[in-house]
Structures are given as C-alpha cells and as structure tokens.
Amino acid sequence: MLGSRMYVKCTRCHVALCLKDVQRCQSSAAHLEQDDFLKGGPHRKHPGVTNLKTVRLPEQLQVAAQSVLKRADVKSLSEKAHKLSNFLWSRKRVIETSQLREKAVLLEKKFLEQERDIHTDGIDHKLEAQIRERVLSELRRTTYRRTPLRYDEDLGLVYMAARLAGGYAAVLRIKKRDPVFVPYSLLDFGSGLGTGTWASHTLWGDSLSTDKNVHLYQTGGNEVDNPVIKQVYSRQFLPVSPKVQFDLVITAFSLSELATLDERVNVIFTLWRKTNSYLVLVENGTKDGHQILMEARDTILKREEEVKHDLRRPSIFAPCTHELPCPKLIKQHVVPCNFSQFIYSLPLLKSQERQLEKFSYLIISRSDEEKPQKTEHWEMARLISQVRRRPRHVQCQLCCTNGELKQLAVMARCHGKDMYRCVRSSDWGDLLPMFHAEDDDTTTIIY
C-alpha cells in the first residue's frame, strides 16, 4: 500500500502498478495488434512518424544562391551570417503598452512601500516625484528595446546565407499527414527568400499556382525566362475580395517581424480569411516564437470576426493534439514547444556544415463538420522532447489529447514488442498512440 492507492505486481512487466494500470498494461499490446495501428508497415515507418533525414536544399536553389553570393562578394559573409542568426534567435517581442503600465504600477507600489517603512511621518510631493523618476529609470533599464531591421541588398544577402537552408527545412519538415490533400493554390505571405514556395514545390510539384507576398532577392540568370517553379506571381498587396482564397497559406518567420499584438492579430485574421484548407505558421523555436503562435491560435479559435465570409469552423491540425490551453505555457512556461530538424547549410566555406534547426509551427485547418466520433481504441499524442533510449525501456514526454503532459517509460515486456519498437523508432515531433482504458474514458500507455 503506497499512499492511498493499492499497488500489485503486474504479471507481464513484473513491476508495482495500481490495479487500473495493470489492466491497461495487459491490454495495450493487444490493442496495437487488434486495431492494426501499423497498417502492415514496419515499426520505423509507423503512421505517426513525421521526421525527415538531414535535409539538403534543392540543387537548383543552392546553385542559384551560391551564384548570387559569389557575384556579390560580401566580405566576411560567414561571420556576418552567424551574427545575424544569433541576433534573430535572441530577438523578442515589443512589450505591449498595457503590460508596461502594469509593470509601472507594480514598481511604484513597491517603491512607495519601501519609502513608507523609512519615512513613518508620511510622503511629500517631492518624494513622490523621486519615486516616479525611479520607476521611469527602472523601466528604461529593464525594458527590452527591439531593433528594427532595414533590409537592403547587403543585409538581404547576409540573411540568405544565414537562413535559406533553415527556413526551407522548417517548412519542408511539416510533412503532409492528409494523404488526399493536393493544393492547387498557395499564398506564401512575407515570402522573404521564397523557402515556403520551394518546400511546397518539393512536396506537391507543379500542381501549385503560387502568390508570393514580397520577397527579398532575385536569383538572376534565366529565372524570369525559364523559371524552375512555374506559375509564381509576386504581389505587394493581398486580394481585396473575401471570395479569393488559397488551398494552402504559409507564413514563415514573418509574424515575429510585426512589433505589436494588434498588427499580428490583423495579419492572422487576414490570412485566415484567405485560407481555404490549411494555414501554416512557422516561427523560430524560441519562447517568444512559441508564444506568438499561441497568440495566433487563440485569435482564430476564440476571437470572433466582425463579418464572417466562410462559416467553416477552425480546427487545430498540428502539432497540438487538442484545442485546450497549451500545457507548456501553463506548466513549463520557460521551455518553448519546439521541434528540430538537421540540415546541410549553404557551403559558404569549402565544406557544408550539418546543423540543427529548431522551430515552432502551427497548422490550422477549416472543417465543414464537427469532429467525427472515434472508432479506434487509441488517440494520437505528440512527442515534445528528445526520446531517451535506454536498455530495455524508452523514456519520452507526450502532449496528450486531454491537454496534459505525460512522462512515459515504455517497456517491451509491459507494452508489447510492437509498441516498444514503435516508440524506440520514433523521435521528437512524431505521434504515438495512447490507448483507451476499457473501464473509463481516460487514455494512457503507462505512467
């Protein structure tokens, strides 16, 4: 008897478990085989796998980028690209005016209480003025000052050297999980280097007709006469008509360039109005990047537009497996929800470097109907950290459909060889099945 729960020894895994967990443990392997989760495929390619091997840029894109950089002959390009990457990674949002006021009120209250302890006879106007000056001084010292980037030709070239491979890999990493979805129109908002367009072309080929909203550079050469990607149109402003929609709308690393929440909300609503099937948002895998995406998520799910032109409801497609508040923001607010992808960078020096790109993303879809009733014995949960493979067991952390984070230790003798091999073959960002317990409505593997 441990605490208030009765524990017994499981006959399959030979560890101390509560009675309910024993029943779940003994049935999970049977569920995996009975419901054919693997669909006849190997464990390393189970339906939840979304990871890619190390990503390389398309040959045409890499050759064009190298040609542009070679002609420009930017001095100390590698060093400048590294500094710009660090600057973009460390960049934060501008603090909102309302937050600044709240901070000022708290500081003033704190300083007043300190002075009252010293001056028991009361505080005069001169001392109040000194306190206000201390508040302003403290705000100036502690408030983040956002430096705006002015992209000229030189900075655009440095940005291309720094971010081309990472931006392409981050968008490509979001592999299509909807097997019947083939987009015929794409809006790449704030396209920058056009990495969203290139990644979409890699996935769906020439079926796409693409609108690009302002890009940073031209690759020159014969691109205009004989473009690699057909039917690409650049425009500075979006179509005014609400009836003009695109099957796929992508914005990568653009929301973080907007300084205020109001600006981001306006852009999010505009992009959602232009979305016919899927809206894909990608940001740096930092705390601020994750919070910007959660702002966008709440904006679309909770805020009502003044005029609705498309009555289909929004639905979170990935990476969240639920539409509840993000548990990372609640329980692990210091650690962002991000994912990783290995890439080969542009060969600025003699050899290519294998780098790790960390990013956060959000995919929202339009749904004609309410979610159908599930017939399977499982629901999919997302791996949100590195999988730790140990002898005879695997440790992992999952974000589940009930909006909770779960730490799991999966063992072959407890959960079955199929389940164990699936987890061992999975990695950060993949999906795993969480099986329904037959005696209640909860879902679990074992924890």
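This is a predicted model: local features need pLDDT of at least 70, side-chain atom pairs count only at pLDDT 80 or more; totals for chains, interfaces and linings use all residues.
Strand S10 comprises residues 354-367, and isoleucine 363 is found in it. The relative accessibility of isoleucine 363 is 6%, so the residue counts as buried, the cut-off being under 20%. Apart from neighbours within four places in sequence, its contacts are Ile174, Tyr278, Leu279, Val280, Ser315, Ile316, Phe317 and Ala318. One of these contacts, phenylalanine 317, lies 46 residues from isoleucine 363 along the chain, yet the two C-alpha atoms are separated by 5.4 Å.

Glutamate 357 also has its place in strand S10. With a relative accessibility of 9%, glutamate 357 therefore counts as buried. Its side chain makes a polar contact, at 2.9 Å, with the side chain of arginine 163. When residues up to four places away in sequence are not counted, glutamate 357 touches Arg163, Gly166, Phe253, Phe339, Ser340, Gln341 and Ile343.

Arg163 leads on to the helices, as it is one of the H6 residues that meet H3. Two packed helices are described by the angle between their axes and the distance between the axes. For helix H3 (residues 77-90) and helix H6 (residues 153-172), the angle is about 80 degrees and the axes are 8 Å apart. Because angles of 65 to 115 degrees count as roughly perpendicular, H3 and H6 are described in that way. On the H3 side, Leu77, Lys80, Ala81, Leu84, Ser85 and Leu88 take part; from H6 come Leu155, Leu157, Val158, Tyr159, Ala161, Ala162 and Arg163. By class, this contact has ten nonpolar, one polar and two charged residues.

Definitions and conventions
Residues are numbered from 1 along each chain as its sequence is written. Side-chain values use heavy atoms; hydrogens and water are left out. Helices (H or I, at least four residues) and strands (E, at least two) are DSSP runs, numbered from the N terminus. Buried means under 20% relative accessible area, exposed over 50%, partly exposed in between (1.4 Å probe, protein chains only). Contact means heavy atoms within 4.5 Å. A polar contact is a pair of N or O atoms within 3.5 Å; within protein, one must be able to donate a hydrogen and the other to accept it, and residues adjacent in sequence count only if both atoms are side-chain atoms. Axes are lines fitted to C-alpha atoms, for helices over the stretch in contact, and angles run from 0 to 180 degrees between N-to-C directions. Angles under 35 degrees count as roughly parallel, over 145 as roughly antiparallel, 65 to 115 as roughly perpendicular and the rest as oblique. Ala, Val, Leu, Ile, Met, Phe, Trp, Tyr, Cys and Pro count as nonpolar, Asp, Glu, Lys and Arg as charged, and the others, Gly among them, as polar.
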